[in-house]
Every structure is written in C-alpha cells, then in structure tokens.
Amino acid sequence: MNSNVVLKGSLAFLNLGELLQLLGMSGSSGILKLTSNHTEHSGFIYMMDGNPVDAEFQGTKGQDVLNTFFGWVDAEFEFSEEKILHRRTIQKSRMEIILDGLRMVDDGLTHKIGQASSKKSSVDIKDASGIPIIKGPLVDYLYIVDEDDFSDGQEIVVQSKFGNWLWVILEGTVAVVRQMPGGPVTINKLSEGAFIGGIGSLKEKTNIRNATVCAVGKVQLGVIDFHRIMEEFSKISQDLKQVLFSLDKRLAQVTTVCANVHFKKIKLHKTMEDMQAFSFSEHPEDKILKIVSGRAVIAKQINDHFIELCELAPEDVIGNIPFLGTSHEPHSAMVFVSDPFQVSSIDLIDLKEEYDELSQTFKNMIVHTSTSLSVTTGRLMDMIKKPVTQ
Amino acid sequence: MAVINLKNRQIECKLVYYGPGRSGKTTNLEYIHKAFSKRVTGKMISIDTEGDRTLFFDFLPLGLGKIKGCDIKVQLYTVPGQVKYKATRQLVLKGVDGIVFVADSLAVRREKNMLSLKDLHENLLKMGLSIRKIPLVLQYNKRDLEKKGLPVMPVEKMELELNRQLKVPSFPASALSGEGVGNTLTQALKLTLQSLQNEFKWAQ
C-alpha cells in the first residue's frame, strides 16, 4: 500500500477536516492512513471519489470510528491512491461528516488524542498499563559530574523529604509515584533523557520533593552539575524565574489532581463560584500575564462541568508560552479569575530571547517540566473519561 | 480565498452567514435553499449545534458570469454562535470569501449583535483578514416582529451602532417570510465575486 503514497504530512498542520475537503475536491479514491504516537495502532479511512465510505481502527469500522479520528490532533497522515472496493459503512456526505466530526470535538464527545504542540523534543509513549512514559532529548555530558546506579524498586527520591539533587536518566526507566492517603499512585514513567528533580530544586535550598521516584529495573543516572545550573539560574531575569516557578507549581498541583482522580476523589463543578471566565482577547498575543492581585483557577471543561487543574496566586503567570507549549490556556483550558483581579504583562519576545541564550541542559530541564505538565494533564483527562463521582 | 477546482473547472468560494445565536442565520439559509432550489446542488446539511444549527449547502449563482472560463460555485455556511464551537467555526471561516452578518432587530439583543460583530472582527484577524476589507453585508433581521408589538430597534439606530464605521451595504429583512433574504444574498454574492475578479486580475 505504501507504494502509491501520493500525499503525506502532519494533522497538526492540516487537520482532518481540511484534509478531507482537499481529497474531496480532487475526487480522490484510496486509503488515508493515520498514525499517532499516542496510539498503538494506525487508523484508516477509505475514500471513494472524494467521499469517505469506510473507516477502520483496531478491527472496528464505520461512522463512529471516523468521528473519533477528528480527535487525532497530533498525528501523521499518508494518502495512497488506489481503487477501493469496499462495503460502504458510511452513508453521510463529506461535508456532513466534517462538520459533525468537528462539532463532536467541540462538544467534548470526541476526545482529543495528543496535544496540539508537536514541536517538542521530548516524546511520550505509553507502557502496557497505559501509563505515559516521558523521554527527553539527548543528554549533554558536559553537565554531568557523576554517574549513579540503582536497582529495581530502589527509591531515588522520596516524597516530602528535603533534597535538591538533579539527575538525568542515562539508561532505564523510573516511576514517578505520588503517595496519597489512599495509597501510592503511579503518575507517569520517565526514561532516557528525562530529568529527576526539576525547577523546584533551584528555588530554595530546602526543596521538598513532591513525589517519590523509584527505579523500574536497572537504572543509570547522571548527576547534574548543580552549581553550574545554579549559576546560570542566578543570572536569569526575575520574569523568567517567575515563569519557571509558576510552571513547576502547576505541575505539582496537576499531579495532585491526577492522583485524586485515581481515587475518584475529584469534584466536578457546574459553575466556578465567585469567579468569572478570563478572556485573553483583550491582551496582546505577544505578552503573557503575571498576576498582581487576586487568584486564578485553570480548569478543563468536560461536557457541562469543569475540573480544576490548579489554582494560581499573585506572582504566578497565565497565558500561552509558544516555545514551551504547556497545553493549558488559552486553547486547551479555561482560566477563571476572582474579582478583583489584576495582571501585569511580560513581553514574550524578551523572554524567548533569554530562553534561547540558556544552556541546552537548562532548556532540556524546562522542556521536561512542560512536557510532564502536558502529559500529566492528558493522563488525568484520560482517567476522567471513566465515570467519576461528582 | 477561493479555491480553483481544475477537475470541474469551477471556482469554489465561501459565503458565511455570521451573527449572534438565534438571529436568523439558519432561517436565511433555509429560505434560500427552498426558494432558489434550482440553483442549489446537493442536499442541505444540518448539524445540531447547541443553541443553533450549523447549515451548509452548495449554490450556483446565475447571471453573475464566469471568471476565466470557470463556473462559480458558492458554498453557503452558517457559523455556530456558541463560543465552544471553536473547531467548527475555524473550519467554516477558513478561506472565507464573503460574509453576511445577520443582526437581530429585537431591542433586547442589541448587545449580542455588538459582541458578535466584535467576535467576527477578532476571528477574521486571527486568520489575517480584515473586517474592513472582506466583502461584507449587514442584515437587520426580524423586522416583522414590530407588527407583533415587540420592541424592535429602528434601522437608523442599528445602522449607527453596527455600520457607522464599516459603511457596508445593509438590508432590513424578515427571514421567516423571506423578505430581504434575496436582496441580501444577491448583494453579498456581487461583492464577493467583484472582489474575486479583482484578486484574479491582480494575479494575472
């Protein structure tokens, strides 16, 4: 089938609605194959004279399968031209399929798979039990002062204990476990290139670990030159520091929410009491906002309800940072704010320039935090899809 | 940005009916679909979106000539009003060639009209389009409700509040009875095709 591939690309660039319109206009017949890092199997759409006639995923066929493909926002496509002799399982017309498919995404009936930002150097896959595995980019050995070996089950850091050592995984996999009153919950797994200990380690000397990390099988870690990172950190602007701390704070809170979802101890809100939705449209796109007074809640919408991801306070930062891609507001989460609420703006261009100047290891560490945030958010949304107590 | 379909030698352009929820966008399109059925190709697609329906069908305008020997096909759409229909709205507005803004004449909907027009302005900006440059026609719908004793804003007032800066053609209408629907559509098509003609000339 690959021999006839006439068109390929990324759905993050050309979404499925646009792609189907394009293939429809040219009256093409053939097979559209979709591949995503977030699913084990590929999806297939069979097109006859520009109209989808059948869709297939993991042995299931038909219109419902096709509808779910509109949620594949971060996937690759390949169209191979060939004669299609297929039983028609889809009767709707092309535009009806597209408009209805997108409507279901907007209505939250179709779950989005993968985040829209595909530019990250870190990739995440899932293990057999569906727990995401976060990998990191290539390790810069200049920043490694020592190597540490751990055996299966050994704890590397312990939740609630003090410590600010930083490691990067050279070989093997570790599990990030949040200890809860109901028992431990594995939030995600980390593999080669990912960091153990993050921005929080730089914040204060007495950093408290917010999760336990233990080895899964044999693990080799590189100890990061803490003084070198600290020296770099001390030179960055207060604005960038604030952005990083706020990112770290989000990750800690989202991790707690994720663990609570596991124990079904999560509240879904019909409305966000005493708060109002915050609109970014009044603020320039090249700025992010620092909270001066009041508080903000970042929430995701599930059908008619909201789930609180984290609560932010003065000095925290809201808005989209394109080069970090946290998959939260304004596109993938809503912001609710207290009244009164005041913000000041931080220039994104200045911030990006400063970020670009950082060492690769420092950047990798930041990207790791934002990837963890988006993967953990994705995981908790996946878990919520199963019934939760309201 | 119209699409040239070389296979059918057709130029496909997109005319979108925009406006606040329940202002009569779908009623406009339903009337067009019924009254001009000979020019409609394919069936009307109707998607139930909360608070409104999203409609779509293809339309062949007659008597408006050809561009470079190609027939012209117009895709008519309504856009879902609710904020949450982001993906649908983006697809509908992508590559839009002309817009009919359907405003609600009911006095209580005054603010909704303004917000929706502002929203259109922002959504167009996101796609690098300007509300001042895109072919645009305003329609002040539901004029008939005045006869039923409901408080309706005078056309002059709506003109002042919505069209003072834009200065685009505007039409009073009662989409339910079809009054003003045809005028609105004809003017919108005329402006859209004129703009396409200019675009193609420029490209020559």
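How many residue pairs are in polar contact across the interface of chain A and chain B? The rule finds 6, with both residues at pLDDT 80 or more; a polar contact here is a pair of N or O atoms within 3.5 Å, where within protein one must be able to donate a hydrogen and the other to accept it, and residues adjacent in sequence count only if both atoms are side-chain atoms.

## Ground rules

This is a predicted model, so to speak of local features takes pLDDT of at least 70 and side-chain atom pairs count only at pLDDT 80 or more, while totals for chains, interfaces and linings use all residues. Residues are numbered from 1 along each chain as its sequence is written, chains are lettered from A and ligands numbered from 1 in the order in which they are written, and side-chain values use heavy atoms, with hydrogens and water left out.

## Where the chains meet

Chain A puts 18 residues into the contact and chain B puts in 21 (contact means heavy atoms within 4.5 Å). About 1,900 Å² is buried between the two, with carbon and sulfur atoms giving 56%; buried area is the accessible area (1.4 Å probe) lost by two parts on being put together, summed over both. In chain A, Met25(A), Leu99(A) and Asp106(A) lose the most area to chain B, together 36% of what that side buries.

There are also 2 salt bridges between chain A and chain B, a salt bridge being a side-chain nitrogen of Lys or Arg within 4 Å of a carboxyl oxygen of Asp or Glu. Lys43(B) and Glu96(A) meet in a salt bridge, at 3.4 Å from N to O. On the chain A side, helix 1 (16–25) and helix 3 (94–106) each give two or more residues, and helix 3 gives the most, with 8 residues. Helices are DSSP runs (H or I, at least four residues), as are strands (E, at least two), numbered from the N terminus.

## Inside chain A

Chain A has 8 helices and 22 strands. Of its 390 residues, 54% count as buried (under 20% relative accessible area; exposed is over 50%, partly exposed in between, with a 1.4 Å probe and protein chains only).

Back in helix 3 of chain A, Asp100(A) and Arg103(A) sit 3 residues apart, about one turn of the helix, and form a salt bridge at 3.0 Å. Asp100(A) counts as buried at 11% relative accessibility, and Arg103(A) counts as buried at 13%.
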